[in-house]
Amino acid sequence: MGALTHESLVEYLLEEAYEVAETIETGADEAELKGELGDVLLQVVLHARLAEERGVFGFIDVARGLTEKMIRRNPHVFRPDGSLQDTFPATVEEIVLKWDAVKKAESPQRSTPFEGIPVALPALAQAQKTLDRGERAGLQAPEAERNPVVELVETRLAETIETEAELGELLLAVVRSARSRGFDAERALRGAVRHYQNRYPETSAPGS
């Protein structure tokens, strides 16, 4: 095995993160979840150690930076010295607005709410994150470009889909149908997400 690098460790970081997700989604016991979280933490430690060997930063710097960011981005929870505020926002909406305002102040150069969404995200995750950012920025939803197929799917969702399991079956059926016709469902959804994002090339962005 060659020398460890940030690049060579990426695949393991992704793999461990997916294993944590699988552990949670399959209802595994707490001991297994603890172990999987430890595996993710190990990846963080390894990356920090590589940086420390180059004299850039270490694990303590990573933890300190995270603490500072959480205090900075949550003024509704923390005072500047890290102590808790006496009162907190009454609604989730207020919390989101405060969070977005801080992030926007941190990255004023961002011209669109979609900046910072990793292009390597799976298409469904990228689509959900994109729609969430768009809604929070007050952008028009994709309904403006609807077609009969979209309307049919949305009607079925509204009328018959009541659980995530049923939604999963519907999505699997869409992929199965796409595959039978020679379409790549992942690529198709990525294209639709890009098309939606490109409708707003410069928009006031809430940050990431």
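Mentor: Arginine 72 counts as partly exposed because its relative accessible area is 43%, where buried means under 20% relative accessible area, exposed over 50%, and partly exposed in between, computed with a 1.4 Å probe on protein chains only. This is a predicted model, in which local features need pLDDT of at least 70 and side-chain atom pairs count only at pLDDT 80 or more, while totals for chains, interfaces and linings use all residues. Residues are numbered from 1 along each chain as its sequence is written, and side-chain values use heavy atoms, with hydrogens and water left out.

Arginine 72 belongs to helix α3, which covers residues 59-73; helices (H or I, at least four residues) and strands (E, at least two) are DSSP runs, numbered from the N terminus. Not counting residues up to four places away in sequence, arginine 72 touches Val102 and Glu106, contact meaning heavy atoms within 4.5 Å. Although arginine 72 and glutamate 106 are 34 residues apart along the chain, their C-alpha atoms are separated by 9.7 Å.

The loop between α3 and α4 (92-106) holds alanine 90, which is exposed because its relative accessible area is 72%. From the C-alpha atom of alanine 90 to that of glutamate 151, 61 residues apart along the chain, the separation is 37 Å. Another pair 61 residues apart in sequence is valine 149 and phenylalanine 88, with 45 Å between their C-alpha atoms. Valine 149 lies in helix α6 and counts as exposed because its relative accessibility is 57%.

A pocket is defined on a 1 Å grid over the protein atoms alone as an open set of points where a 1.4 Å probe fits, with protein on both sides within 12 Å along at least five of seven lines, and lining residues have an atom within 4 Å of a point. Of the 41 residues in the lining, the closest to the centre of the pocket are Val150, Val153, Leu171, Leu189 and Ala192. Two or more lining residues come from each of α5 (123-136), α6 (148-160), α7 (164-180) and α8 (185-198), and α7 contributes the most, with 10 residues. By type, the lining has 26 nonpolar, seven polar and eight charged residues, with Ala, Val, Leu, Ile, Met, Phe, Trp, Tyr, Cys and Pro taken as nonpolar, Asp, Glu, Lys and Arg as charged, and the others, Gly among them, as polar.

Helix α8 also contains glutamine 197, which counts as buried because its relative accessibility is 18%. Beyond residues up to four places away in sequence, glutamine 197 touches Phe114, Ile117 and Thr130. Phenylalanine 114, counted in the same way, touches Gln197 together with Thr130, Arg133, Gly134, Leu139, Tyr196 and Tyr200. The largest nonpolar core consists of five residues, Phe114, Ile117, Leu139, Tyr196 and Tyr200, such a core being a set of buried Ala, Val, Leu, Ile, Met, Phe, Trp, Tyr and Cys residues joined through side-chain atoms within 4.5 Å.

Lastly, helix α1 (residues 6-25) contains threonine 23, which counts as buried because its relative accessibility is 4%. A polar atom of the side chain of threonine 23 lies 2.8 Å from the backbone oxygen of glutamate 19. Leaving out residues up to four places away in sequence, threonine 23 touches Ala28, Glu32, Leu33 and Glu36.

Conventions. A polar contact is a pair of N or O atoms within 3.5 Å; within protein, one must be able to donate a hydrogen and the other to accept it, and residues adjacent in sequence count only if both atoms are side-chain atoms.
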